[in-house]
Amino acid sequence: MSIEIKGKEMTIPVVQGGMGIGISTGKLAGAVAAEGGMGTLSFVNCGYEEEDFYQNPIEANKRAFEKNLKKAKEISQGKGILMVNIMHVVNHFFEYLEFINTTEIDGVVVGAGLPLELPQYIGEDKRIAPIVSSGRALKIILRKWKKKYNRVPDFVVLEGPKAGGHLGFKKEDLSMDLFQELEEIKKILREYGEESIPVFIGGGFGTKEGFQTAMEKGADGVQIGTGFLFTKESGLDPVAKECLVESLRKGKIEDQIIQSPVGLLGRALNTEFVRKVEEEKVPAKHCVACISTCNPKTTPYCINEALIRGVKGNQEEGLFFSGSDGRRIKEILSVKDYLKEILGE
Ligand SMILES: Cc1cc2nc3c(=O)[nH]c(=O)nc-3n(C[C@H](O)[C@H](O)[C@H](O)COP(=O)(O)O)c2cc1C
């Protein structure tokens with residue numbers, strides 16, 4: 001079942017999806033890569049713990065990324081693949097890509113938008129991949145990358161509406177047939193003579209059954225977020241992690257669709273904060289101008305601040321992204337044991 005991507009090998013067909021803010025740090029991504037999977041660092045506001053983050057967010061993010069990458073490399077010891085995830089809608093996107101290209105990361109994955117210019121910024125020695133929600137989006141990317149840069153994605157992530165985090169769907173498309181879209185993507189890749197490009201499917205495949213179904217339906221592997229969010233190595237505050245898993249298990253909270261200030265739908269836990277912002281505005285305390293599509297004057301709340309409160313464990317005022325797999329988590333395992341559980345070894 002091993003997958004080779006531009007000279008680097010995954011010995012298990014599992015991608016740990018990038019999770020911001022502060023969830024998929026070097027510790028988590030390194031642990032997944034050490035098991036032979038693909039670990040993904042999250043770039044978006046990863047510098048939130050740096051002293052100068054609020055004065056100098058760009059430099060703080062770059063510095064924190066280097067620290068996370070070093071840690072991930074120490075843990076993974078050359079095994080698996082280490083990628084970085086960055087959202088297309090972040091401000092300074094191209095500056096960040098230029099910086100990432102100078103680092104020793106294995107490649108870049110871009111979600112929340114069509115990364116049509118990605119090959120211009122990331123060298124041939126690195127792997128590049130889009131996260132798409134439809135065959136249509138992939139076709140636009142393939143056409144542009146082939147024609148303008150003579151390059152194709154090194155892999156593709158198809159993400160469905162059950163995923164945690166931001167979603168690439170309108171409300172009316174949330175009940176779409178993801179496996180039909182997977183077939184469409186495979187067909188498009190065949191039409192382009194690129195059927196060897198691996199396709200990972202994400203959004204509700206972080207259980208043994210989910211993993212098996214994905215493979216039976218023809219995916220080359222899965223991308224998992226929520227399952228890894230609730231492992232020991234994730235960056236989420238350990239007390240909050242325990243409490244949220246218990247509340248999920250007891251049915252006290254569940255995941256729901258939210259409207260994010262980024263301008264996209266998202267899937268998050270229906271904690272107190274989510275209920276509150278449906279009714280009233282929570283003004284930003286310290287805007288770092290991180291999202292190109294967010295207007296700080298009119299935004300119902302600051303997503304950066306809400307996610308930082310979440311990762312630090314503030315269960316009243318934090319925002320917690322989570323996919324539909326949250327309700328299936330029974331206990332918090334290490335990455336190693338969690339992978340054993342879903343791969344059935
Ligand atoms: C807490 C959390 C944060 C996430 N943050 C990001 C992100 O910053 N960028 C991104 O492209 N995807 C993000 N995602 C999506 C994951 O990378 C992954 O694709 C998705 O979670 C897969 O579905 P699953 O949660 O059902 O396993 C996030 C998901 C979670 C649960």
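This is a predicted model: local features need pLDDT of at least 70, side-chain atom pairs count only at pLDDT 80 or more; totals for chains, interfaces and linings use all residues.
Local features are reported only where pLDDT is at least 70 and side-chain atom pairs only at pLDDT 80 or more, whereas totals for chains, interfaces and linings use all residues. Residues are numbered from 1 along each chain as its sequence is written, and side-chain values use heavy atoms, with hydrogens and water left out.

Helices (H or I, at least four residues) and strands (E, at least two) are DSSP runs numbered from the N terminus. Helix 9 comprises the 12 residues 238-249. At 1.5 Å a residue, helix 9 should span 16 Å, and the distance of 17 Å between its end C-alpha atoms agrees with this; the expected span is 1.5 Å times one less than the number of residues. The N-terminal end of helix 9 is capped by Asp237, of which a side-chain oxygen lies 3.2 Å from the backbone nitrogen of Val239. Such a polar contact is a pair of N or O atoms within 3.5 Å; within protein, one must be able to donate a hydrogen and the other to accept it, and residues adjacent in sequence count only if both atoms are side-chain atoms. Just after helix 9, Gly251 adopts a positive phi of about 75 degrees.

Residues are termed buried under 20% relative accessible area, exposed over 50% and partly exposed in between (1.4 Å probe, protein chains only). In helix 9, the buried residues are Ala240, Lys241, Leu244, Val245, Ser247 and Leu248. These residues cover an arc of only 165 degrees around the axis, which places them on the same side of helix 9; the arc is that of the directions from the helix axis to the C-beta atoms. An α-helix has 3.6 residues a turn, so residues three or four places apart point the same way. Pro238, Val239 and Glu242, on the other side of helix 9, are exposed. The buried residues of helix 9 pack against helix 8 (226-229) and strand 13 (265-269), contact being defined as heavy atoms within 4.5 Å.

Two strands are taken to pair if DSSP finds at least two bridges between them. Strand 12 and strand 13 are joined in the antiparallel sense over 5 bridges, and Ile257 has Arg267 of strand 13 as its bridge partner.

A parallel pairing is found elsewhere, between strand 4 and strand 5, over 5 bridges. Within it, Met38 has Ile81 of strand 5 as its bridge partner. In strand 4 (residues 38-42), 5 of the 5 residues are buried, so this strand is largely enclosed by the rest of the structure. Met38, Thr40 and Ser42 point one way from strand 4, and Gly39 and Leu41 point the other way.

Most residues other than glycine have a negative phi, and most peptide bonds are trans. The peptide bond from Gly20 to Ile21 is cis, with omega near 0 degrees; Ile21 lies in the loop between strand 3 (14-16) and helix 1 (26-34). His92, although not a glycine, has a positive phi of about 65 degrees. His92 occupies the loop between strand 5 (81-87) and helix 3 (93-101) and is partly exposed, with a relative accessible area of 41%. Asn150 likewise has a positive phi, near 50 degrees. Asn150 is located in the loop between helix 5 (135-149) and strand 8 (156-159) and counts as exposed at 68% relative accessibility.
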